[in-house]
Amino acid sequence: MGEAIAFYVISACILGFAVLVISTRDTVHSVLFLVLDFLFVAALYVLLGAQFLAAIQILVYAGGIVVLYLFVVMLVNLKRPPEAHQDPHRRTNWGFGLSMAVLVELGLVAAYSYARPAPALAASAAQPVTGNTEQVGWLLYTSYLIPFEIASMLLLVAMIGAIVLAKREL
C-alpha cells in the first residue's frame, strides 16, 4: 500500500513539473523544473527497483544534459525581439501532414499489438546472470540489440545534423 502511494505521489510530481517546464515563461525556471522532473523520474526508478537506471538518469540527464541546457540559456540573448519576417521555405502543411501520418502509424501499431498479444516468454533460465545491472546489460545486448543500434544511429544522425547546422558558411 505504501509503495502504491509513493508511486502515485512521485508520478503526480513528475507530471506537475513537466507541466511547469512547458508553461513557465522564464527559461531558467523551466530548466530548473526540468532538473526536478528528472530527479523525480530517478526516484521512480528507485521505487521500481531499477537502481542502475536511476543512477544513469541522475548522471546523464540531471547532471549533463541540464547543465548543457543552462549554458545555452545563459549564453543566448533571450531579450532580443522576435524576427519580423516569415521564412518562405517553411513547409508548415508538410510538417503537419507528416506528424499526422506518424500518429496514425503509431495508432495502427498499438491497435495491432493490442489485437494480437505477444506470445508468452520462455522460463528465465535463458538469462545466466543475476542482479539488476547484469540483467539490463544482458537484455540490452541480446533481446534488444536492434533497437539499441537504431537508437545509437539516431544519436549519430542528430550529432551530425547539429554539426552541420552549427557550421558557419564561409
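A pocket is an open set of grid points with protein on both sides within 12 Å along at least five of seven lines. The structure described here is a predicted model. Its largest pocket holds about 600 Å³ of space. Lining this pocket are 15 residues, and those closest to its centre are Ile56, Val60, Tyr61, Ile65 and Leu155. Two elements each give two or more residues to the lining: helix H3 (51-75) and helix H6 (145-166). The largest share comes from H3, with nine residues. By class, 13 of the lining residues are nonpolar and two are polar.

The overall fold was examined next. The protein chain contains six helices and zero strands. Its pattern along the sequence therefore reads α-α-α-α-α-α. The chain has 170 residues, of which 12% count as buried. Contacts were also sorted by separation in sequence. Among those between residues at least 6 apart, 50% join residues at least 24 apart.

Helix H1 covers residues 2-23, a run of 22 residues. From first C-alpha to last, H1 reaches 31 Å. That is close to the 32 Å expected at 1.5 Å a residue. The buried residues of H1 are Ile10, Ser11, Ile14, Phe17 and Val21. Seen down the helix axis, these buried residues fall within an arc of 130°, so they line one face of H1. An α-helix has 3.6 residues a turn, so residues three or four places apart point the same way. The face of H1 turned away from the buried side carries Tyr8, Leu15 and Val19, which are exposed. Exposed here means over 50% relative accessible area, whereas buried means under 20%. The cover over the buried residues of H1 includes helix H2 (27-47).

Helix H2 was treated in the same way. Its 21 residues should span 30 Å at 1.5 Å a residue. The end C-alpha atoms of H2 are 30 Å apart, which agrees with that value. Buried in H2 are Ser30, Val31, Leu34, Val35, Asp37, Phe38, Val41, Ala42 and Leu44. Both H1 and H3 are included in what covers these residues. Just after H2 comes Gly49, which takes a positive phi of about 90°.

Conventions:
Residues numbered from 1 in each chain as written. Predicted model: local features only at pLDDT ≥ 70, side-chain atom pairs only at ≥ 80, totals over all residues. Heavy atoms only, no water. Helix = DSSP H or I, 4+ residues; strand = E, 2+ residues; numbered from the N terminus. Expected span 1.5 Å × (residues − 1). Buried < 20%, exposed > 50% of the residue type's maximum accessible area, 1.4 Å probe, protein only. Arc of directions from axis to C-beta. Contact = heavy atoms within 4.5 Å. 1 Å grid on protein atoms, 1.4 Å probe; cavity = no way out; pocket = protein on both sides within 12 Å on 5 of 7 lines; lining within 4 Å. Points joined across faces, edges and corners; volume = space filled by probe spheres on them. Nonpolar A, V, L, I, M, F, W, Y, C, P; charged D, E, K, R; others polar.
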